[in-house]
Amino acid sequence: MRDLANRPDLCCINTATLGFRISVEAAIDGLAARGIGGVSPWRRDLEGRRAAEVARRAADAGVRIDGYCRSSYLTHADPARRRAAHAENLRALDDAAELGAACYVLVVGGLAPGERDLGAARARARDGVADLLDAARARGVALALEPLHPVTTAGRSCLNTLAEALDWCDELDADGGNRLGVIVDAYHVWWDAALAAQIARACRARRVLGFHVSDWIDPPPDPVRGRGMMGDGAIDLRGIRRELEQGGFEGAVEVEIMSDAWDRRPVGEVLDACVRRVATVC
Ligand code: ZN
């Protein structure tokens, strides 16, 4: 298992952690000043910018782009809305390619308004992933399925476990092209009794495209915006990282904390806390 002490280069900051309070350029500068190795921007960070220029800025600062967040939902019941979301995702894939992002993160969406057929929503999500895969391959961008905690099933993600995400990988990317993989976000999957087995399975198939860390405050003040700083909650982050690294994972430890509480603190303080906690508790 890697020793993360004094290795901020193995850390990545997802810009949601900074609450979108500063520009992506300022974020890159703040990371570079601390030796943080990677950034995962969101699409909103690129509004009014050229992806190639952001990529150059990051490269000049010595900061990797470890991921690009995140997809428009794939599960709209209305075909016109589904087509519009697909077009948005194709444009985002163009940007991901220009960024040189290691992957484009897919959050698949939940039920349609008023819908109760979870199986149908999951089928639309899976079909939506299939529809994006060729475009992603053509652009050289990997698609990263991120299963989300079951509390988000209705509104954000009907894909909730690593097992189901890996089933989709096997079905849709069976030829071993490995343009489809998974994000292991500790906040979303830590409760799963099958976690260790599914991490091992993902590692064997070389499908792990990212490892996101934060912590689970009990109870979360908000299911989406109530994440804790690593070490402040119930998740055995080091244990999860051990499973990943025993399986061969060598990627970054990506801090992704959506938190109203942390958004009230100065950005520099948040970054310093992230570096310290990744080094000591992750
Ligand atoms: Zn995540």
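In strand β7, Val208 is the bridge partner of Val182. Ile183 is likewise bridged to a residue of β7, namely Gly210. The model is predicted, so local features need pLDDT of at least 70 and side-chain atom pairs count only at pLDDT 80 or more, while totals for chains, interfaces and linings use all residues. Residues are numbered from 1 along each chain as its sequence is written, and side-chain values use heavy atoms, with hydrogens and water left out.

**The sheet around β7**

Strands (E, at least two residues) and helices (H or I, at least four) are DSSP runs, numbered from the N terminus. Two strands pair if DSSP finds at least two bridges between them. Strand β6 (residues 180-185) pairs with β7 in the parallel sense over four bridges. Strand β8 (residues 253-255) also runs parallel to β7, and three bridges join the two. One link to β8 is that between His212 and its bridge partner Glu254.

Strand β7, helix α8 (residues 237-246) and β8 make a right-handed β-α-β unit. Right-handed means that, with the strands pointing away from the viewer, the path from the first strand over the helix to the second runs clockwise.

The open sheet has eight strands with parallel pairing, in the order β3-β2-β1-β8-β7-β6-β5-β4. Because β3 and β4 stand at the edges with a single partner strand each, one side of each is left without a neighbour in the sheet.

Strand β7 covers residues 208-213, and five of its six residues are buried. Buried means under 20% relative accessible area, exposed means over 50%, and partly exposed lies in between (1.4 Å probe, protein chains only).

**Cavities**

A cavity is a set of points, on a 1 Å grid over the protein atoms alone, where a 1.4 Å probe fits but cannot get out; lining residues have an atom within 4 Å of a point. A volume is the space filled by probe spheres set on the points, which are joined across faces, edges and corners. There are two cavities of 30 Å³ or more.

| Cavity | Volume | Lining by class |
|---|---|---|
| Largest cavity | about 40 Å³ | six nonpolar, four polar, two charged residues |
| Second largest cavity | about 30 Å³ | five nonpolar, one polar, one charged residues |

In these classes Ala, Val, Leu, Ile, Met, Phe, Trp, Tyr, Cys and Pro count as nonpolar, Asp, Glu, Lys and Arg as charged, and the others, Gly among them, as polar. Strand β7 gives the most to the lining of the largest cavity, with three residues. The lining of this cavity includes Leu209, Gly210 and His212, together with Ile183, Glu254 and Tyr68. Residues lining the second largest cavity include Phe20, Leu18 and Asp45.

**Aromatic pairs**

Rings of Phe, Tyr and Trp (its six-membered ring) pair if their centres lie within 6.5 Å; planes under 30 degrees apart count as stacked, over 60 as edge-to-face and the rest as tilted. The whole structure holds four aromatic pairs. One of them, Phe20 with Trp42, is edge-to-face, at 5.8 Å centre to centre and 75° between the planes. Phe20 lies in the loop between β1 (11-14) and α1 (24-33) and Trp42 in the loop between β2 (38-40) and α2 (51-61), so the pair ties together parts 22 residues apart in sequence. Phe20 is partly exposed at 23% relative accessibility, whereas Trp42 is buried at 15%.

Tyr68 and Tyr104 form a tilted pair, 6.1 Å centre to centre with 40° between the planes. Both of these residues, Tyr68 and Tyr104, are buried. Finally, Tyr187, Trp190 and Trp216 form one aromatic cluster.

Definitions and conventions
On a 1 Å grid over the protein atoms alone, a cavity is a set of points where a 1.4 Å probe fits but cannot get out, and a pocket is an open set with protein on both sides within 12 Å along at least five of seven lines; lining residues have an atom within 4 Å of a point.
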